[in-house]
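Please open the model in a viewer and keep the sequence at hand.

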Amino acid sequence: MAHQKTPYQWSARGFIAPGVLLIAVLLYLPLLWTIYLSFTDYNGLGSPDWIGIDNYVEMFTDADFVTSSLNTLLWVVGTLIIPVGIGLGVALLTWNLGGGIWLRLPFLIPYALSGIGVGVVWSFILSSGGALDQALAAFGILDPPRWLLDAPLNTVVMIFAAAWQGVGVNALLFTIGLQAIPKEPLEAARIDGANGVRLFASILWPMLRPLTAVVVGLSIVASLKTFDIVWGMTKGGPGTVSETLALTMYKETFVNSDYGLGSAIAVFLTVITLVASVTYLRQQLSPKKEI
């Protein structure tokens with residue numbers, strides 16, 4: 001006998017339906033439209049012309065696409081090592097320190113700025129003849145590197161600019177994780193003589209593992225979608241040497257009016273983000289087998 005829905009279940013579905021419909025309209029329909037456009041030649045006017053996988057062939061054989069992919073990979077590595085690593089260090093150093101919140105505050109202030117705002121600030125500092133060059137000139141360094149003009153140096157300094165913005169929130173998250181650790185295992189470890197590196201490796205790091213997985217996962221996703229700081233500092237230039245995949249997608253779509261190629265890059269970036277996120281989180285959050 002088929003199970004009949006109770007009035008309560010139908011009422012629950014009625015409450016859920018608007019949210020499901022909203023998600024479908026705002027998320028799934030644009031995604032399906034983007035996938036469709038990636039197989040077409042479309043300049044935003046008229047009707048899209050179906051061309052099959054030509055956009056994907058052009059994308060994977062384009063030297064600029066290879067450059068933006070390598071830059072995006074550099075962003076992923078850099079934002080994992082610098083803001084996450086420094087954020088963890090700041091949290092550890094200020095965790096049990098009196099007035100530690102005031103020491104973390106200067107790291108949190110840049111997080112209130114938008115990515116474009118960070119880009120404008122650091123462009124002023126790093127542009128040729130800018131604040132940094134003038135400061136170096138005062139010390140007799142008259143031929144400094146071209147911070148925003150030479151690749152891959154321009155990508156590296158932009159990663160540091162992003163780290164300046166992101167260290168604070170990572171430090172805050174790690175501090176919350178440290179404060180949630182029970183005192184008993186820490187006291188027992190200290191009684192056994194564990195301090196410094198040994199205490200971190202044996203107690204703190206294993207207990208921070210779930211939070212670290214979330215922080216690193218968010219960092220991976222954010223770095224794969226990097227756009228605003230790069231646009232604010234170099235606009236992907238000179239030429240295309242500092243473009244990321246998100247910036248290449250934007251330029252192809254809204255600057256060159258090649259919606260088909262831009263959509264193909266968007267689909268590729270979406271797939272890479274999903275695969276990287278799901279693979280990493282499944283590997284980190286799955287139960288570990290005892291040896």
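**The loop between α10 and α11**

Begin with Pro238, whose place is in the loop between α10 (228–233) and α11 (245–255). The model is a predicted one. Display the backbone from Gly237 to Pro238: the peptide bond there is cis, with omega near -5 degrees. Next select Lys235, which lies in the loop between α10 and α11 as well. Lys235 is not a glycine, yet its phi is positive, at about 55 degrees. For context, most peptide bonds are trans, and most residues other than glycine have a negative phi.

Now move to Pro152, found in the loop between α6 and α7 (153–179). Where is the cis bond that involves Pro152? The peptide bond in question runs from Ala151 to Pro152, and its omega is near -5 degrees.

**Helices α5 and α6**

Select residues 115–126, which form helix α5, together with residues 131–138, which form helix α6. The two axes come within 4 Å and cross at roughly 30 degrees. Because angles under 35 degrees count as roughly parallel, α5 is roughly parallel to α6. To see the contact itself, show the side chains of Phe124, Ile125 and Leu126 in α5, which meet Ala131, Leu132 and Asp133 in α6. Of the residues in this contact between α5 and α6, 5 are nonpolar, none is polar and 1 is charged.

**Helix α3**

Finish with helix α3, residues 63–94. Its 32 residues reach 46 Å from the first C-alpha to the last, close to the 46 Å expected at 1.5 Å a residue. At the start of α3, select Asp62 and Asp64: a side-chain oxygen of Asp62 reaches to within 3.1 Å of the backbone nitrogen of Asp64. Then follow the helix along to Thr79. By how many degrees does α3 bend at Thr79? The bend is about 30 degrees, and a proline, Pro83, follows within four residues.

Conventions
Residues numbered from 1 in each chain as written. Predicted model: local features only at pLDDT ≥ 70, side-chain atom pairs only at ≥ 80, totals over all residues. Heavy atoms only, no water. Axes fitted to C-alpha atoms, helices over the stretch in contact; angles between N-to-C directions. Helix = DSSP H or I, 4+ residues; strand = E, 2+ residues; numbered from the N terminus. Parallel < 35°, antiparallel > 145°, perpendicular 65-115°, else oblique. Contact = heavy atoms within 4.5 Å. Nonpolar A, V, L, I, M, F, W, Y, C, P; charged D, E, K, R; others polar. Expected span 1.5 Å × (residues − 1). Bend = angle between axes of the 7 residues up to and from the residue. Polar contact = N/O pair within 3.5 Å; in protein donor to acceptor, adjacent residues only side chain to side chain.
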